[in-house]
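Try each one with the model open before reading its solution.

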Amino acid sequence: MYVAEIMALKLTSRFRRLLQRPGSIDLGPYEKLTTAVAEAEESVQALSDEELTEVVTELRKPDGLDEDDLIEFLALAREAGHRAIGERAFDGQIVGALALLRGRVVEMATGEGKTLAGAFAAAGYAIGGRKVQVLAVNDYLAQRDAEWMGPIYELLGVTVSHVGQASTPEQRREAYQAEVCYAPVSEVGFDVLRDRLVGDVADRVSAKPDVALVDEADSVLIDEARVPLVLAGATRSEEIDDDVVQLVRTLRAGVDFEIDGDGRTVALTDKGTDFVEEHLGDIDLYADENLEKMTQVNVALHAEVLLRKDVDYLVRDGKVHLININRGRISKLQRWPDGLQAAVEAKEAVQVSESGEVLDSITVQALIKRFPTLCGMTGTAVVVGEQLQEFYDVEVAVVPPNKPNIRIDDPDRLYLTVDQKNKALVEHIKEIHETGRPILIGTHSVEESEQLSDKLEAADVPHVVLNAKNDAEEAAIVAEAGVPETVTVSTQMAGRGTDIRLGGRDGSHGKDRAAELGGLYVVGTGLHASRRLDDQLRGRAGRQGDPGGSLFFASLGDELVTRYSITSGLRPSPDGDGRLTDRKALGMLEHAQRVADGANAELHRTTWSYHRLTGQQRDILLDAREKVLTEDLAATKLSDGAKERYDELVEEFGEDVVKDAARRIAVNHLDRRWTDHLAYLADLREGIHLRSLAGGIVHLKPIDEFNKSAIASFNTLIDDAWKDALETFEEAEFGPDGLDEEASGVPRPTATWTYLVNDNPFGTEADRILGRLRNAIRGEELVPVEDDEPVELAEDDLPEELRDLDDEDDLDTEDDADAEDDVDLELPEELREADDEPEDDSKKK
């Protein structure tokens, strides 16, 4: 049976190569080398540890390993893995390491040993004279893998380190100098941003980028890449009027304010505006003198209506902490921009923290492209293979599993309403738990995990919860998730990258019984925006040939359906429990995921297109800044512009002090001008869609208009910075220690932090089309088929993702064969639209 699976996989690979599709890399050459590695392995087994290290040292070459060297190295690495951590790499792991060493993104199923394969590849690059940064999705995995693989690296004579959010600048600087450094991709990005703002080259911590080996590559390169990494500097404490906060809480949905169909923006109605103006003292909110008050109302409304506690953030120790929805963890040191953080803090009645301004930003894509060599590994790469090729120019290699996958994946169960889904979900979990089978339940948010926990407790189902509130206990919780009788509720398990073994960490707690019961049983409380994320959750079960199973529950009231699908015309026929089994209803789930995938891909594409020019401009600025830091450019320019002043200061304080002052002044004004430029681009980006609407017959592309304005703004930036620097230099004040930055008006930020931003504030084009369709086609209730005419939609009005429905699976109103059994049912509340008219984009914040 397994041989047949391997043959089928090879045939699929050949077919993909014929079509030039992702996952088509021919593994034949790697497999031949793997055979040679096995033949060389016997000769290294007799070596002592010291001799093994010495042989590896002799293999070191500054310009990479040739094929013979690579075979010998991998034989030594396999033996080092067996000795150091008791794991002898499978042939598939050797194939994976070889593919990584050839710059591929490797797809290996969960539990197939990606971490060990990645360590072999990283060490191979290091032996070949390269420096490697292993980019993880979070601190926990970076530290865990560096420490876990540490004994292997030590035996191979390779230095290894790790960086985390709590690392000091000194620790970071030292860690980046190691041959292999494990670090979260966000921390690497923020270190790059901070290094760009240093006033002295000695303050930098990052190393020159060389090889990026990306763990959980699809999560890092695709999911994380939709949101830029942003560094901000403290400016002031931003209080928000408590009267505004309390007033906003009295506003009524659908009457005083309206939420767009996607739940991304909220705006006051005319009635709401009148109500707010009256209660704020009969003011005109839109008058120039009330701009600040209007801004406070908008951000307070956004915080009150759109940001949900225990979904978007949680409150701990008197502070608001953002939750990273991709990882299910707290995003330390991250905040919302533009006063929104202060509004949420006021909403939760905690101390309002300092506000800030954006100092610099970088996209994950731009960060990764700094590395000359890119490779990566994940359990789900083929699905995003085309995006990996488009954005990063890397190909996917699919490595067959060491043992056949015998996990049983049951079809999704769809229900009419969320309540009906949750009732069936709890009943099913209780039924499975009574057999003793270990269960892992994947939820989407802290709020959902806690609500489910309450329901399980009421049903007398003992369980543990893993979410952002207790993620420090992750290792202990996950270690026991495969033990019989255990029920584990987790948020975003797909982003945790952890391995669940039957019988616990060492398999000593009922492994055989767990296997007899069917192995780990994965239950999803709802489908993700991408089937790829569902597959990652499923992949927690059935590792290394273990038995396992999975089942996902969904409803027509789930956010995936309400946000990414059009339900008008659907005639569901649920059974007594509310379950739907007709093909049209089930097909809606797949199409909703396809639309969501397309929207997210467009968001990545849009993020990159708007940041590409900004990146080029930043490079020009950084080149000028580097010359200021490393040469006497500032002293030369300022002495040329104010020679008398320069000579006077040299005579009084000495040339070294004056050169240092010139450098600090010039750097400050270059940074100041860049910060102002970024603020201008942010405002430009928010309003650029209006320019396309103003284009008349000739449609203006927003990106073209953005680039035109951005170029015009940047053209004089550096020259203007030098003019500012000259003015400051002529009036600068000096003290015993040289330049007095505060008195001279060139202070450095007192603190920095990272922003979490939505880089596509008005949604994608697909989002906007769906929003218009939702408002135009109101699905408030289901009427009997005979009383309703089918709704005809022109194909051009639909997003591309909805145009390829076949005649059997489309969302029209054709009678089903069992139409006589249909009943008059109302749609779940979550699917009802309150707006009669399409939303006016001009009201969006």
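**Exercise 1.** Within how many Å do the axes of H4 and H6 come, and at roughly what angle do they cross?

Before we start: this is a predicted model, where local features need pLDDT of at least 70, side-chain atom pairs count only at pLDDT 80 or more, and totals for chains, interfaces and linings use all residues. Residues are numbered from 1 along each chain as its sequence is written, and side-chain values use heavy atoms, leaving out hydrogens and water.

*Solution.* 
- Step 1: The axes (lines fitted to C-alpha atoms over the stretch in contact, with angles from 0 to 180 degrees between N-to-C directions) come within 11 Å and cross at roughly 130°. Helices here are DSSP runs of H or I with at least four residues, numbered from the N terminus.
- Step 2: H4 and H6 are therefore oblique to each other; angles under 35 degrees count as roughly parallel, over 145 as roughly antiparallel, 65 to 115 as roughly perpendicular and the rest as oblique.
- Step 3: For the contact (heavy atoms within 4.5 Å), H4 supplies Phe-73, Leu-74, Ala-77, Arg-78 and Ile-85, and H6 supplies Leu-116, Phe-120, Ala-123, Gly-124 and Ile-127.

**Exercise 2.** Find where the axes of H4 and H7 approach each other.

*Solution.* 
- Step 1: The axes of H4 (residues 67–85) and H7 (residues 139–155) come within 9 Å, crossing at roughly 125°.
- Step 2: This pair is therefore oblique too.
- Step 3: Ala-80, Gly-81, Arg-83, Ala-84 and Ile-85 of H4 meet Trp-148, Met-149, Pro-151, Ile-152 and Leu-155 of H7.

**Exercise 3.** List the contacts of Leu-156, leaving aside neighbours within four places in sequence.

*Solution.* Leu-156 touches Leu-52, Val-56, Phe-73, Leu-76, Ala-77, Ala-80, Ala-123 and Ile-127.

Terms used: Helix = DSSP H or I, 4+ residues; strand = E, 2+ residues; numbered from the N terminus.
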